[in-house]
Amino acid sequence: MHDADQGQLASLLSAYDNQVRAAEALSRSPGTSAEPDGPIVRIVGRDQGFVSAAVDLALDGDELDALIVRQRDFFRARGESVEWKTRGHDLPAGLPERLIAAGFVPEERETVLIGSAADMAAELEPDLSGDIVIRPVVEDADLRRIADLESEIWGQDLSGLGADLIALVGGGNAVVFVAEADGRIVSAAWVVFLPDTEFAGMWGGSTLAAWRGRGIYRALVSRRARLAVERGVRYLQVDASDDSRPILERLGFVAVTTTTPYVWKPDA
């Protein structure tokens, strides 16, 4: 998939829109619910709210502003933050500006990359040094340790991630891996299987600064890809940071669009 032509890119983007985005609008974790509101679906019951939107909202002007404000005020009444996830090819094109006007704040833009699970699984896993061990984890304590790791890496309180990971694993559609050195988690990544689709999503991969450049990220990709192939997955999808994108493109992932989360917080 290194040299995907425009036809292949269009096909991948269509599959992403029709399968991945449809799957994200479903409530699959215990304690969550999906609530449609016109062209969007809000997910309630996570650490923070989530809004999944159609590719084309088919609204603009006052109607679009009212839709945005309804979501903001719904979560305001719950005292919760909410993320509205946008993509670079979404319509109307002015959606980001209207989200900002309603008090939503853009976070880092990432690139949506798609790769063949079989191709990724065939890549040789890097030979990590003997003091780095990769293993799957299911215990609540380990999943909360991952939240502590992410908080340390990103310099903000991400403790709520622990509960989200516990719910994901409990739902049966996710497998979480950690890389450990001397009994300490130095990196973590998880794969989320999307039932009734050809896709699995790969998340995480952040690594403590002192342990970067040792092949841990690639090893975690390889480990998850092999598991995905075992489960009959055709495509792997990643929302990649600027740091991760070059690694993934060298492995054969291709960029199909971008994604930017817009987040509203009660104390905004």
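Biologist: Which residues does G215 touch, not counting residues up to four places away in sequence?

Modeller: With those neighbours set aside, G215 touches P126 and L128; contact means heavy atoms within 4.5 Å. This is a predicted model, in which local features need pLDDT of at least 70 and side-chain atom pairs count only at pLDDT 80 or more, while totals for chains, interfaces and linings use all residues. Residues are numbered from 1 along each chain as its sequence is written, and side-chain values use heavy atoms, with hydrogens and water left out.

Biologist: Where does G215 lie?

Modeller: In the loop between β10 and α7. Helices (H or I, at least four residues) and strands (E, at least two) are DSSP runs, numbered from the N terminus. G215 counts as partly exposed at 22% relative accessibility. The cut-offs are under 20% relative accessible area for buried, over 50% for exposed, and partly exposed in between, with a 1.4 Å probe and protein chains only. G215 and L124 are 91 residues apart in sequence and 11 Å apart in space, C-alpha to C-alpha.

Biologist: What is G103 in contact with, leaving aside its neighbours within four places in sequence?

Modeller: V263 and W264. G103 is found in the loop between α3 and β5 (105–106) and is partly exposed, with a relative accessible area of 28%. G103 and A22 are 81 residues apart in sequence and 26 Å apart in space, C-alpha to C-alpha.

Biologist: Next, packed helices. What describes two packed helices?

Modeller: The angle between their axes and the distance between the axes. Axes are lines fitted to C-alpha atoms, for helices over the stretch in contact, and angles run from 0 to 180 degrees between N-to-C directions. For helix α7 (residues 216–230) and helix α8 (residues 244–251), the axes come within 11 Å and cross at roughly 50 degrees.

Biologist: Which residues in α7 and α8 meet?

Modeller: Y217, R218 and V221 in α7 meet S244, I247, L248 and L251 in α8. By class, the residues of this contact are five nonpolar, one polar and one charged. Ala, Val, Leu, Ile, Met, Phe, Trp, Tyr, Cys and Pro count as nonpolar, Asp, Glu, Lys and Arg as charged, and the others, Gly among them, as polar.

Biologist: Where do the axes of α5 and α6 come, and at what angle do they cross?

Modeller: The axes of α5 and α6 come within 8 Å and cross at roughly 140 degrees; α5 and α6 are therefore oblique to each other. α5 passes α6 in a right-handed crossing. On the α5 side the contact residues are D140, L143, R144, I146, A147 and E150, and they meet L161, G162, A163, L165, I166 and V169 in α6. That contact has eight nonpolar, one polar and three charged residues.

Biologist: Which residues of α5 are buried?

Modeller: D142, L143, I146, A147, L149, E150, S151 and I153. Their cover includes β7 (132–137), α6 (160–170), β8 (174–181), β9 (184–193) and β10 (199–207). As for length, the expected span of a helix is 1.5 Å times one less than its number of residues. The 15 residues of α5 (residues 140–154) should span 21 Å, and its end C-alpha atoms are 21 Å apart, which agrees. Just after α5, G155 takes a positive phi of about 65 degrees.

Biologist: Which residue other than glycine has a phi near 55 degrees?

Modeller: D182 is one of them. D182 lies in the loop between β8 and β9 and is exposed, with a relative accessible area of 71%. A58, not a glycine, also has a positive phi, of about 55 degrees. A58 sits in the loop between β3 (49–53) and α2 (61–78), exposed at a relative accessible area of 65%.

Biologist: What is the peptide bond from L91 to P92?

Modeller: Cis, with omega near 0 degrees. P92 is found in the loop between β4 (82–87) and α3 (95–101).

Definitions and conventions
Parallel < 35°, antiparallel > 145°, perpendicular 65-115°, else oblique. Left-handed = near helix turned anticlockwise from the far one by under 90°.
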